[in-house]
Structure formats: C-alpha cells, structure tokens
Amino acid sequence: MNQSAVTWRHAAGVSAVVLLICYGLLRWTDAHGHALPHMSWFLLVTLVLLSFAVLAAGWEVRAYLNGTSIRPPSPQKARRALVAAQAWVLAGAMFAGWFAAYALVELGRLDAGSALGGMIQAIVLCVGSVGAVIVGLIVQSWCRIPKDKDDDDAPGGGSIRI
C-alpha cells in the first residue's frame, strides 16, 4: 500500500472523532433548549452529484491504466483525480460522523413529534456519506500505478554487479 494513500481506517477514525464531538455538541444544544440544526434532502442530492464528479475525474485515469484508452491523462488531471478522491473519502467520513451523531441525538428524542423524521433523514444521509467514502476509495484505487514487472524488489535499487 502506498504511504500516502487514504485508507478506510483513516475514514473510520475521522468519522469516530467527528461523531463524538458532534454528539456532545448536539446533546448540549438539545439539553439547553435550543433547536437542532435543520437538515435538507438537498444534502443527499449534493452527495450523489459530487460522488459522480469524483468518479468522472478518476475514469480517465482508470481507462488509461486498464488499456482501454490510448490517450494518457495529463499528470495534472491524474493528480487532481487522486486528490479529489482522497478528499472525498475524508469529507464523506466527516459527514457520516455528523449525520450519525444527529441520528443518535434524535433517537434519544423519539418522544418529540419531529424526531422520527429527523432521525430517518440523518440515517439516509449517513448512508449516502458512507457511499461517498466508498466512491473515494474506489477512485483512489483506480489512480494507483501498477508495479512494473522489471522493477527490482531490493531496497535501494539493488546491488551493482561488475
């Protein structure tokens, strides 16, 4: 695995930290009589559209590395696709943590009339955010340059034989 790759462990860690912080803040907000922030279904549309944009960015790199395209992508495009994928993994993880915290707070308020609808919306948005993480991880894997068969496995370039 590449040292600079973003893994599912990074995403899980980011999501867990955001969940804990946001859960505490949302519980504090609710306990002090303030309304929880409003969420919109437009967020799901945004997650889906941005996921498609990340997929489209990585598709050209994937096609070239799989041999289905003879035109190589520019290094800038390939780098942008990789960075977009990695950013989308982390952003999706942050959104998942936020929406999971929101759903947990709403779970504790199910006696309120609007809590069930808010909890269902938060769960759907959390699932969409996990989908964004998966899309980012897939596109990042598309941008991995395969190892050449001619490369030596010896560290430091191998020894010189005279």
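First, a term I need: buried means under 20% relative accessible area, exposed over 50%, and partly exposed in between, with a 1.4 Å probe and protein chains only. A note on provenance: this is a predicted model, where local features need pLDDT of at least 70 and side-chain atom pairs count only at pLDDT 80 or more, while totals for chains, interfaces and linings use all residues. Residues are numbered from 1 along each chain as its sequence is written, and side-chain values use heavy atoms, with hydrogens and water left out.

**Entry 1: the overall layout**

I looked up the secondary structure and found four helices and zero strands in the chain. Helices (H or I, at least four residues) and strands (E, at least two) are DSSP runs, numbered from the N terminus. Along the sequence I read the pattern α-α-α-α. Of the 162 residues in the chain, 31% are buried. I then checked contacts, meaning heavy atoms within 4.5 Å. Among those with a separation of 6 or more, 79% are between residues 24 or more positions apart.

**Entry 2: helix α1**

With 24 residues, α1 reaches 34 Å from its first C-alpha to its last, close to the expected 34 Å. Its buried residues are A11, S15, V18, C22, L26 and T29. What covers them includes α3 and α4. After α1 comes G33, with a positive phi near 80°.

**Entry 3: helix α2**

Buried in α2 are L47, S51, V54, G58, V61 and A63, and their cover includes α3 and α4. Just after α2, G67 has a positive phi of about 85°.

**Entry 4: the nonpolar cores**

Which residues touch the most other members of the largest nonpolar core? A core here is a set of buried Ala, Val, Leu, Ile, Met, Phe, Trp, Tyr and Cys residues joined through side-chain atoms within 4.5 Å. The largest has 16 residues, and L26, L36, M39, F99, Y102, A122 and C126 touch the most other members. The elements giving two or more residues to this core are α1 (8–31), α3 (75–107) and α4 (115–142). Its largest share, seven residues, comes from α3. Apart from this core lies another, of nine residues, among them L47, V54, A85 and W142.

Not counting residues up to four places away in sequence, M39 touches W98, F99, Y102, G118, Q121, A122 and L125.

**Entry 5: the largest pocket**

Next I asked how much space lies in the largest pocket. The answer is about 350 Å³. On a 1 Å grid over the protein atoms alone, a pocket is an open set of points where a 1.4 Å probe fits, with protein on both sides within 12 Å along at least five of seven lines; lining residues have an atom within 4 Å of a point. Grid points are joined across faces, edges and corners, and the volume is the space filled by probe spheres set on the points.

Of its 18 lining residues, A78, L82, C143, R144 and I145 are the closest to the centre. Both α2 and α3 supply at least two residues of the lining, and the largest share, five residues, comes from α3.

L82 is in helix α3, and is partly exposed at 27% relative accessibility. Setting aside residues up to four places away in sequence, L82 touches Q140 and C143. From L82 to A57, 25 residues apart in sequence, the C-alpha distance is 8.5 Å.

I145 is in the segment after α4. Is I145 buried or exposed? I noted 68% relative accessibility, so I145 counts as exposed.

Q140 sits in helix α4, and counts as buried because its relative accessibility is 6%. Beyond neighbours within four places in sequence, Q140 is in contact with A5, V6, L82, A85 and Q86.

Note on methods. Expected span 1.5 Å × (residues − 1).
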